[in-house]
Amino acid sequence: MATSEELHKRRVEAVARGVGSTIPAYVDRAGGGTITDVDGREWIDFAAGIAVTNVGNSAPRVVEAVRAQVERFTHTCFMVAPYESYVAVCEQLNALTPGGFEKRSALFNSGAEAVENAVKIARHATGRPAVVVFDHAYHGRTNLTMALTAKNMPYKHRFGPFAGEVYRVPMSYPLRDGGLDGATAAARSIEMIEKQVGAENVAALLIEPIQGEGGFVVPAQGFLPALREWATAAGVVFVADEIQTGFCRTGDWFACEHEGVQPDLITLAKGIAGGLPLAAVTGRADLMDAVHVGGLGGTYGGNPIACAAALASMETMRELDLAAAARRIGAVMGERLRVIAAGDPRVAEVRGRGAMLAMEIVVPGTLTPDPAATAAISAACHAAGLLTLTCGTYGNVLRFLPPLVISDDELGRGLDILAAAFG
Ligand code: PLZ
C-alpha cells in the first residue's frame with residue numbers, strides 16, 4: 001500500500017489546491033472513535049468528519065443496510081421511479097423533528113443544497129424576497145449559501161458577486177457582546193430587521209441554534225425563543241439550520257428542543273446518514289406543500305443507498321440512545337476542559353452543549369483572539385494522535401465533536417492528549 005507521504009505527492013499533482021485537508025495522513029480505515037492511516041498511525045477522532053459520523057464510521061447497521069441496498073438497486077431517481085426508503089426517511093424526520101403539527105420533508109445531497117431549498121420554499125410560500133441571517137453564520141459554499149455565510153476567508157474570498165436580498169444582523173454571543181441577555185440581544189436584531197429590511201419583506205429568518213463553523217457560539221438563553229415569537233407575529237418563516245447540531249449531537253435529537261423552539265422549517269444533513277451524503281428540509285406541511293409539483297428535486301436527492309443508511313443511522317441512535325451518550329460525553333469532556341481552562345489564561349471560555357464543545361483562545365487578560373496559539377495547540381494534538389478541528393470567525397476556537405459511540409477509554413486518552421497539548 002502506498003504511504004501517506006507518497007499519496008500526498010500524488011495528491012498535489014492531481015487534486016486542486018483549493019481543497020484543503022486538516023491532516024496530511026491518508027485514511028486506511030476508521031471505526032468507533034479512531035481513524036487509522038495507511039502507515040498504521042492512529043488518531044483518536046474528535047472531528048467525526050465534521051459532526052457527520054455520530055453513529056461512528058462503518059456502524060454495523062449502516063454497513064448492513066447499505067450492502068443490502070446496493071444489491072437491490074443503486075439509483076432510479078426518486079423523480080423518475082420512486083421507492084419506499086425515501087418515503088420512510090421523510091416519515092421519520094417528520095416524526096422526530098420538534099413541533100406536533102403536520103409536516104412534510106424533501107431530500108437533497110448536501111447541507112448547502114438543503115439550505116438553498118429552504119430559502120426557495122420560504123420565498124415561494126410567502127411571496128417575499130428577503131432572508132435574514134446572523135453574524136458568524138455558516139450555511140454553505142454554493143452561491144446563495146456563500147451569501148448567507150458570514151466569513152470571507154476562506155469561504156467567500158474572490159468568489160462573488162453574491163446572491164442578493166440577504167441581510168445580516170447581530171448574533172447573541174455572550175463572550176463578545178458584554179453578556180447581553182437573550183431577550184435584549186433578540187430585540188437588537190429585531191430592531192435592525194424592522195428598520196433596515198422591513199418585516200413584511202422578509203421571507204425567512206435563518207439561524208443555527210448553536211453556530212458551527214462560526215465558533216460554536218451558544219446564544220444567550222431566550223434569544224431563540226424571542227426570535228421565534230417575533231417571526232410568528234411577523235409572518236416570517238423561522239428556519240433552523242440544524243445541519244451541524246442535529247441527530248443527537250447536542251444531547252437532544254435537535255438543538256432547538258433545548259429551549260422548546262419549534263422551527264417552521266429545519267435543514268438537516270451531516271449526522272443523518274452515518275457518512276453517506278444525504279440532506280433534508282423538514283417543516284410545516286402548508287409551507288412545504290405550497291411549492292408546485294416538480295418545483296423541488298435533483299438527480300440524486302434521496303439516493304436509495306443514502307436513504308438506507310439514514311434509516312439504519314436513526315435506528316442506531318434510538319437503539320443506543322445516542323442523545324444520552326452525547327450528554328454523557330459532554331459531562332466528561334466539559335469537566336476536563338474546564339480544568340484545562342482554569343489553569344490556562346489563554347482559554348477565555350468553554351462552551352457548547354452535549355458532544356459539541358469548544359474552547360475560545362485569546363491573548364491572556366484580553367478578549368483579543370489568538371488564532372496562532374489555537375493553531376499551535378491543534379497541531380500539537382495532531383502530532384500526538386488526536387484529531388481536533390478549529391473554527392470561529394477569528395480562527396481562535398478549538399472544537400470537539402467526537403463520534404457519539406466513542407469509548408470511555410478513547411475519550412479519556414483524547415482528553416489526556418489535549419491537556420498535554422496545552423502544556
Ligand atoms: N449549515 C450549520 O455546519 C457544513 C463545512 C465544512 P454541506 N459545515 C461544514 C467546509 O469547510 O466546507 C454546514 C453547516 C451548517 C450548512 C452547512 C453546509 O453543509 O454539506 O457542507 O454543504
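1. Helix 11 passes helix 13 in a right-handed crossing, a crossing being right-handed if the near helix is turned clockwise from the far one by less than a right angle, and left-handed if anticlockwise. The contact (heavy atoms within 4.5 Å) is made by Ile329, Val332, Met333, Arg336, Leu337 and Ile340 of helix 11 together with Leu411, Gly412, Leu415, Asp416, Leu418 and Ala419 of helix 13. These residues divide into 9 nonpolar, 1 polar and 2 charged, where Ala, Val, Leu, Ile, Met, Phe, Trp, Tyr, Cys and Pro count as nonpolar, Asp, Glu, Lys and Arg as charged, and the others, Gly among them, as polar. The axes are lines fitted to C-alpha atoms, for helices over the stretch in contact, and angles run from 0 to 180 degrees between N-to-C directions.

2. A word on the basis of these remarks: this is a predicted model, in which local features need pLDDT of at least 70 and side-chain atom pairs count only at pLDDT 80 or more, whereas totals for chains, interfaces and linings use all residues. Residues are numbered from 1 along each chain as its sequence is written, and side-chain values use heavy atoms, with hydrogens and water left out. Helices (H or I, at least four residues) and strands (E, at least two) are DSSP runs, numbered from the N terminus.

3. An open sheet of 4 strands has the order 1-2-3-13, with mixed pairing; two strands pair if DSSP finds at least two bridges between them. Strand 1 (27-31) and strand 13 (386-387) stand at the edges with a single partner strand each, so one side of each is left without a neighbour in the sheet. Strand 2 (residues 34-37) and strand 3 (residues 42-45) run antiparallel and are joined by 3 bridges, with Thr36 standing opposite Glu42 in strand 3. Helix 13 touches strand 2, strand 3 and strand 13 of this sheet, and its direction makes about 100 degrees with that of strand 3.

4. A further open sheet contains 7 strands in the order 4-10-9-8-7-5-6, again with mixed pairing. Its edge strands are strand 4 (103-108) and strand 6 (166-169), each of which pairs on one side only, and the twist averages 20 degrees from one strand to the next. Within this sheet, strand 5 and strand 7 (residues 202-207) pair in the parallel sense over 3 bridges, and the bridge partner of Ala130 in strand 7 is Val202. Helix 8 (residues 223-234) packs on the sheet, where it touches strand 5, strand 7 and strand 8 (237-241), and its direction makes about 165 degrees with that of strand 7.

5. Strand 12 (residues 356-361) deserves a separate point, since 6 of its 6 residues are buried, that is, under 20% relative accessible area, with exposed meaning over 50% and partly exposed in between (1.4 Å probe, protein chains only). Both of its faces are covered, with Met356, Ala358 and Glu360 on one side and Leu357, Met359 and Ile361 on the other. Strand 12 pairs in the antiparallel sense with strand 11 (residues 347-353) over 6 bridges, and Arg353 stands opposite Met356. The hairpin of these strands has 2 residues between them, and Gly354 there takes a positive phi near 60 degrees. Strand 12 also pairs in the antiparallel sense with strand 15 (residues 397-400), over 4 bridges, where Glu360 stands opposite Val397.

6. Phe247 lies in the loop between strand 8 and strand 9 (265-268). Phe247 has a positive phi of about 60 degrees although it is not a glycine, and is buried with a relative accessible area of 1%.
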